[in-house]
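This is a walk through one protein model, taken a region at a time. Keep the sequence and the 3D view at hand while reading.

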Amino acid sequence: MKKVKGILIIILAAVLLEVMLGIQYYSMHDMMSEQLEKRAESELTLKAILIKNMLNQTENALEDYVWDLRQRFGKPDSIDLVAKSLLSTNPEIVNCWIAFTPYYYSQKGRLFEPCAKRQGEIIKTDQVGGEKHDYTLMEHYREAAESSDYHWTDPYFDEIIVTTCSKAIRDGRDSLICVFGADLSLKWLNDTLNVRHIFPSSFIMLLTEEGKIIMPQPSEGDKSEISQKLTTFINDSSVVRTNSKSGRTKIIRFSSDEVGDDGCVFYANMRGKPHWQLAVVCYDREVYAQLYKLRLRFLLLNLLGFGVLLFMVERYALNVLKLQKTTLEQSRINNDLHIANKIQTAMLPEKELVDEHVEVAGKLIPAKQVGGDLYEFLVRNEKLFFCIGDVSGKGIPSALIMAMTQAIFRVISIRENNPARIMEDINGMACRNNKSNMFATLFIGVLDLPTGHLRYCNAGHDLPLIINQEVSKLNAHANLPVGVFSDTKYEMQEERLSPNTILFLYTDGLTETINMKREQFGIGRVVTTFHELRTTPTVNQLLDKMTDIVVEYMDGAEQRDDLTLFAIRYKGEQNSDQILDESLVVSNDIQELKQLKSFLLSSFEKIDVSQTMVSQLRLALEETIVNIMNYAYPNDKKGDILINMKYDGKAIRFVITDEGVAFDPTQAAEVDTTLSAKDRPIGGLGILLVRELMDTVNYERIDDKNVLTLKKLVN
């Protein structure tokens, strides 16, 4: 009886194992198919952009010479110089012609078509219009003459493969004068279409709107033969095709009986004119190569599984002891996770920051004992650096990535002010040895506290909300998450926060919170809630109330994802307690330093500060103004410099504004003072002096103006 039970257990376990392996296999197959769709669409998009760029260059070249052409209408014998000049500056164009409407120049006869043609390195001109070459019957003339836009022909052979771009030139009464055109060589197409394929055997096809093949050419052997077969499939409406998930491409599968190998072709029409079609061909043997290897490994694992099951049946008597051991191990793991939770909580910044300019508060509630969400903020040189992120997955691996990202952010923010460059440095570290393919969405912001100037960079994170009289989403471009591609370039954006504005950031654990009815909280409910909560006295209380509302909405449902909330209330510059607020405008003339000196002496006499500090502040300010005079306005350009001095009893603040060349002294390299004067590069000592004398040095570029703020604490 025990043996029968053991056999049944083995059979049941084997069946379950087979089902699990089968599900895993087909799930991986679907995932790889989805990834292939995305890569194919990216490939087609990139090639389309490259092709359109070249076509646009041709249109732009014609447009650049329209004015010159019109100037020569009164001198028909010199019109061919326009065509020759266009060819000399555009090496990809092989012919340029100007086909005039019949009898436009009576002395030239009915047909007059000056033309320039490239022959090797020589450009020859000729008049080619005539009864043997009646251009009025040709497509590029007729179609362009009836249109107000550029007309492109399908590629054709004229010694080499070319395509023609033409445009009608009309007079003030909208009457046709001539058609201005150029023949673009398509020799570059082959190189463009055959660079950086998805897989070694993949290749790109280019078809006309009617489905005639442009590339690859018949001289390219097997690819040409396969392309002809696939072109037949694309043009055959009875062939089964499907749309990609994004809807941007169509997909046709083919078998080895039809083409010689199993695979699929992705194709789509290019936007705009000409309406050419791009297709990319991929073979299953390359797409699913790793999956096929895994299938063999699954079989080996099957056999191993049978052996393990047999061993488990024989050792059934030891299960109780193993269970006890497992219980103890689980207890140890739970204890370790509890410690990890404390460590992760300790890594988060202080719960709240409140000063004269800003209120900052954050809250993180992990779905498990440790989570993958993060937020961080710090203040340097009167700038608030902050970030919020969500690492893919949950548990300890995500927590490790979270800790690394948070630490890197703090280290880089100590020396870098540009959020896009901070994001690129974090992305570089995240992609290094990222064998687990984990990634993180991340939003990084740098808020200048005196001005409210916000610079930010978004890496695939949920859009923050701006809350004042209304609630709206911050305009933030998505960019790719960090950890995907090491060479990703991130875009910095800018916004100006008005006083008493709240910037609210969150992770998708907020909008995707699910209640017992499996309904999501949603961004719409978040916006509605903030309409009710925007007058909450402090941002810390605001986050507490939002958390209470989310918990109430869950109504006992399990928390499925980490929940992180982060809010900033920008108060703006507080001027009510200013003891001194005076301004001076000087020009970039060294003689103006006398006026600056008088202004400073007069201002310092009105406040109670030591003579030593006065000397230091004068030295720092004069050094700064001299640098601006010498370097902000090059080539003897005249410009003004606005100096605003404020004193509130605690600190003296100089705000220096100029419209000169952008320069951020806070990002200037430190001068190596250990070198001798002979070996040390010229410059940099003035910036070093100002940094040493002032408590904070803050720079912003606002409305094409340099805004430099120097702050010195008095007490």
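The model is predicted. The side chain of E131 meets that of R110 in a salt bridge, at 3.9 Å from N to O. R110 sits in the loop between strand 1 and strand 2 (114–119), and E131 in the loop between strand 3 and helix 4, so the pair ties together parts that are 21 residues apart in sequence. R110 counts as partly exposed, at 28% relative accessibility. Side chains of opposite charge can pair when their charged atoms come close.

The loop between strand 3 (122–127) and helix 4 (139–145) also holds T136. This residue counts as buried because its relative accessibility is 14%, and the cut-off for buried is under 20%. The side chain of T136 makes a polar contact with the side chain of D134, at 2.4 Å. Setting aside residues up to four places away in sequence, T136 touches P102, R110, L111, Y141 and R142.

Another loop residue is N90, found between helix 3 (80–89) and strand 1 (93–100). N90 is buried, with a relative accessible area of 18%. A polar atom of the N90 side chain lies 2.9 Å from the backbone oxygen of L86. Apart from neighbours within four places in sequence, N90 is in contact with A61 and R118.

Seven of its eight residues are buried, so strand 15 is largely enclosed by the rest of the structure. Strand 14 (residues 352–354) pairs with strand 15 in the antiparallel sense over three bridges. The two strands form a hairpin with three residues between them, and E352 stands opposite A361 in strand 15. Strand 15 also runs antiparallel to strand 24 (residues 563–570), joined to it by eight bridges. In that pairing V358 stands opposite Y570.

K363 forms one with D544, the closest N and O atoms being 2.4 Å apart. K363 lies in strand 15 and D544 in helix 15 (residues 539–554), so the pair ties together parts that are 181 residues apart in sequence. K363 counts as buried at 17% relative accessibility, whereas D544 is partly exposed at 26%.

The structure holds 25 salt bridges. One more to look for joins the side chains of K711 and E382, at 3.7 Å from N to O. This pair links distant parts of the chain: K711 is in strand 29 (residues 705–713) and E382 is in the loop between strand 16 (373–380) and strand 17 (383–391), 329 residues apart. K711 counts as buried at 13% relative accessibility, and E382 is buried at 6%. Salt bridges that share partners join E356, E382, R653 and K711 into one network.

The last stop is helix 11 (residues 395–413), which has 19 residues. From its first C-alpha to its last, helix 11 reaches 27 Å, close to the 27 Å expected at 1.5 Å a residue. Among the buried residues of helix 11 are S398, M402, T405, I408, F409 and I412. An α-helix has 3.6 residues a turn, so residues three or four places apart point the same way.

How values were computed
Residues are numbered from 1 along each chain as its sequence is written. This is a predicted model: local features need pLDDT of at least 70, side-chain atom pairs count only at pLDDT 80 or more; totals for chains, interfaces and linings use all residues. Side-chain values use heavy atoms; hydrogens and water are left out. Helices (H or I, at least four residues) and strands (E, at least two) are DSSP runs, numbered from the N terminus. The expected span of a helix is 1.5 Å times one less than its number of residues. Buried means under 20% relative accessible area, exposed over 50%, partly exposed in between (1.4 Å probe, protein chains only). Two strands pair if DSSP finds at least two bridges between them. A polar contact is a pair of N or O atoms within 3.5 Å; within protein, one must be able to donate a hydrogen and the other to accept it, and residues adjacent in sequence count only if both atoms are side-chain atoms. Contact means heavy atoms within 4.5 Å. A salt bridge is a side-chain nitrogen of Lys or Arg within 4 Å of a carboxyl oxygen of Asp or Glu.
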